[in-house]
Amino acid sequence: MTTKLLINYFENLLPLNEDEKSIVEEAFKERRVKRRQLILQEGDICKHHTFVVEGCFRMYMVDEKGKEHNLQFAIENWWITDIGSFYSEEPSRLYIEALENSIVLQLKKEDQIKLFDNNQTFNRIFRILTEKALVSAQRRILQNISSTAEERYLDFLKRHPYFFNRISNVQIASYLGVTPEFLSTIRNKIAKS
């Protein structure tokens with residue numbers, strides 16, 4: 001069952017007892033998502049925390065000129081959620097799209113609240129997840145304001161080598177905030193050095 005993967009993920013953060021494992025199996029719902037299918041689109045309220053069991057996703061926004069800007073990618077054992085829309089219950093400005101046929105486990109907000117109210121372990125687990133996400137977001141902001149495009153690309157290569165066979169250069173360029181042509185120039189420069 002796919003929830004076993006999530007239980008293992010949680011147990012790498014904190015051990016779960018048998019009751020807590022049963023709670024995970026009840027609270028999270030499996031969903032199969034086809035390539036290019038959206039699990040969130042602009043204007044909708046994000047109703048789920050989504051854990052990727054199998055597959056690859058991207059979260060992006062579309063600006064007023066129609067240009068896409070990738071904010072996040074997620075593969076196996078990663079989470080993807082518009083956290084702002086999820087908690088505020090306001091319409092999202094983001095899209096979440098499957099880049100591959102995928103399997104996810106989703107947790108509704110009301111089920112998350114029940115988890116938090118009834119079990120301190122899940123409060124602690126989600127606090128750890130939130131702290132990690134904040135650290136990652138802060139790191140990315142600092143990198144975007146203080147690093148060159150080449151430095152950002154090299155860091156992306158180092159931190160996420162598993163993305164390069166799964167995500168197109170166009171998507172990576174969007175994530176890094178450069179054009180595909182500029183990314184190609186950077187890659188050629190690195191290859192020559």
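Strand β1 is joined to strand β8 (residues 102–108) by five bridges, and the two run antiparallel. Strands are DSSP runs of E with at least two residues, helices are runs of H or I with at least four, and both are numbered from the N terminus. The model is predicted: local features need pLDDT of at least 70 and side-chain atom pairs count only at pLDDT 80 or more, while totals for chains, interfaces and linings use all residues. Residues are numbered from 1 along each chain as its sequence is written, and side-chain values use heavy atoms, without hydrogens and water.

**Sheet**
- Four strands make an open antiparallel sheet, ordered β1-β8-β3-β6, where pairing takes at least two DSSP bridges between two strands.
- β1 (29–33) and β6 (79–80) are the edge strands with a single partner strand each, so one side of each has no neighbour in the sheet.
- Opposite Val33 stands Ser102 in β8.

**Overall fold**
- The protein contains eight helices and eight strands.
- Along the principal axes, the C-alpha atoms fill a box of roughly 55 × 35 × 30 Å.

**Burial and contacts**
- Of the 193 residues, 42% are buried, meaning under 20% relative accessible area with a 1.4 Å probe and protein chains only.
- Among contacts (heavy atoms within 4.5 Å) between residues at least 6 apart in sequence, 69% link residues at least 24 apart.

Conventions
Buried means under 20% relative accessible area, exposed over 50%, partly exposed in between (1.4 Å probe, protein chains only).
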